[in-house]
Amino acid sequence: MRARSSVFLAVVVSLIACSGGGEGPITEPRIDPIDPTPMEPVAPVVRFPELLGASPVLEDTNADPNIVEVQLRAAPMTVAITGAELEMYAYNGSIPGPVLQAKVGDEVIIHFTNDLPEPTTIHWHGMRVPDWMDGSPRLQEPVPSGGTFEYRFVVPEAGTFWYHPHVRANEQLEKGLAGVVVIRDENDPEYDAERVIQLDDILLDGGSTMLPPFLASHPEVMHGRYGNVLLTNGRPSEQSVTTAEQGTVERWRLLNTANARTMELSITGATWRVVGTDGGLLPEPYTTERLIMPVGQRYEIEVTYDTAGAVELVSHVLTLNDAGTDVVEVPVPVHHVDVAASARTPRTIAWPMLSLPEREPSIDATIELEGVSDPVTGVSWRINGMEHAHEPIFTFPHGTTARIRISNMNGPEHPFHLHGQFFRIVDDGQPWTQQPGLKDTVLVPGLETVEIIAYLDNPGYWMAHCHILEHAQLGMMAEIAVEYPVTP
Ligand code: C2O
Ligand code: CU
């Protein structure tokens, strides 16, 4: 308003100056008069819908609507998660880390400061960023303690992703370094509300006073570090209680950011369907009884509160029975919604037109995941016979569509994750599930083979590893190269 009124004043002044010339009648200034009614207060620009349950959203300090510029700092923090104070690590003083939000096509600039007592990097899990911005310690010299780094990339697609360190990841993630990334598209369907449900677990000693040492027990080396406290958005899961109104329809973004625990999930008290996965929304949403979500994967689900009452997201946890003789499944609610009665009827969500790549594979490749006993660490976890393979296990031409069979030679399961690319799961090694959509992580059950079709469109050197972070730390970590396109 200020700028406009000074233009108005300037016009008036020049008219008065002209009138001094005595040349005929003064014409009215040809400008709209200022509206005398006080202006409505201007609402702050809200770029994105609210994310219920999530950590604070990173503040975008860049006025350009197509640039998201944020500050991220990793530092030690003392946190009371279950009552006792724990020595943890946090991004911007928040566990989980703050949410990075942007839209497709935005340039994202992250000014990162490492105030941890050890080196670290940040990996943007699932986002097809350039490889040198991907946090791979094979390409990026880890940011030393006290150092800084600027991550910068253009956001290629919408979906639910996450970020976490890729140096001593088994410890740094368990200590709290992980945050959610939400990327939006202008054609995203509109929901009454959106929720982030980041599932995790943490291992605390009996008195809940400290984190037991890492990689120090046989079960941890064999199966990864399973926590004994389930966490939802960084708090003990039983505290994840909220309210909603009957007749509303929500979009839930589910993530599994645990070190090792595969989550088997169902929902009681509401109608739900799966609408998205690692690579974003599905052309055709589907219904299922249960979702198996290994570490690394994401699911987006649409939840319709058709009736009033309790709605629960249930994690079916495998545990030993009291006698210690059998493994039994115990349903544990990890998110609870009290739905208040209302006359509102749920609307039908209009689904956008979407399509996913469906290309025929031109190359076959095989990956073998194997554990071999090791006198020092207990187990050497290997990919194609190599622990921490130093050379890429494959080099593919740019744009290759590859059929990759991934075999698990032992009993413990492996959620296999490929950086920088998407794939489809053709056969998931389970008799009763289907996992449509684009993925970056696939669970390879014990002694099974899964088959994926990978779209190797993002050139560079890409980490490929088991997302059970203990397995990766003990060697189940490799690299796949995708050549740069030949430019004429
Ligand atoms: Cu979340 Cu190398 O990955
Ligand atoms: Cu593994």
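Predicted model: local features only at pLDDT ≥ 70, side-chain atom pairs only at ≥ 80, totals over all residues.
A charge sits over a ring if NZ of Lys or CZ of Arg is within 6 Å of the ring centre and within 35 degrees of the ring normal. Residues are numbered from 1 along each chain as its sequence is written, and side-chain values use heavy atoms, leaving out hydrogens and water.

**Charge over a ring**
- Arg273 lies over the face of Trp351, at 5.4 Å from the ring centre.

**Copper site**
- His414 (ND1), Cys466 (SG) and His471 (ND1) coordinate the copper ion (ligand 2) at 2.0 Å; donors are N, O and S atoms within 2.8 Å of the metal (3.2 Å for Na, K and Ca), and water is not among the atoms, so the site may look incomplete.
- The spacing of these donor residues in sequence is H-x51-C-x4-H.
- Cys466 is buried at a relative accessible area of 0% (buried means under 20%, exposed over 50%, partly exposed in between, with a 1.4 Å probe and protein chains only).
- His471 is also buried, at 0%.

**Aromatic pairs**
- The whole structure holds seven aromatic pairs, meaning rings of Phe, Tyr and Trp (its six-membered ring) with centres within 6.5 Å; planes under 30 degrees apart count as stacked, over 60 as edge-to-face and the rest as tilted.
- One of them is the tilted pair of Trp124 and Tyr163, 5.6 Å centre to centre with 40 degrees between the planes.
- Trp124 is buried at 1% relative accessibility, and Tyr163 is buried at 1%.
- Ring pairs join Trp124 and Tyr163 with Tyr91, Phe112, Phe149, Tyr151 and Phe153 in a cluster.

Note on methods:
Chains lettered and ligands numbered in written order.
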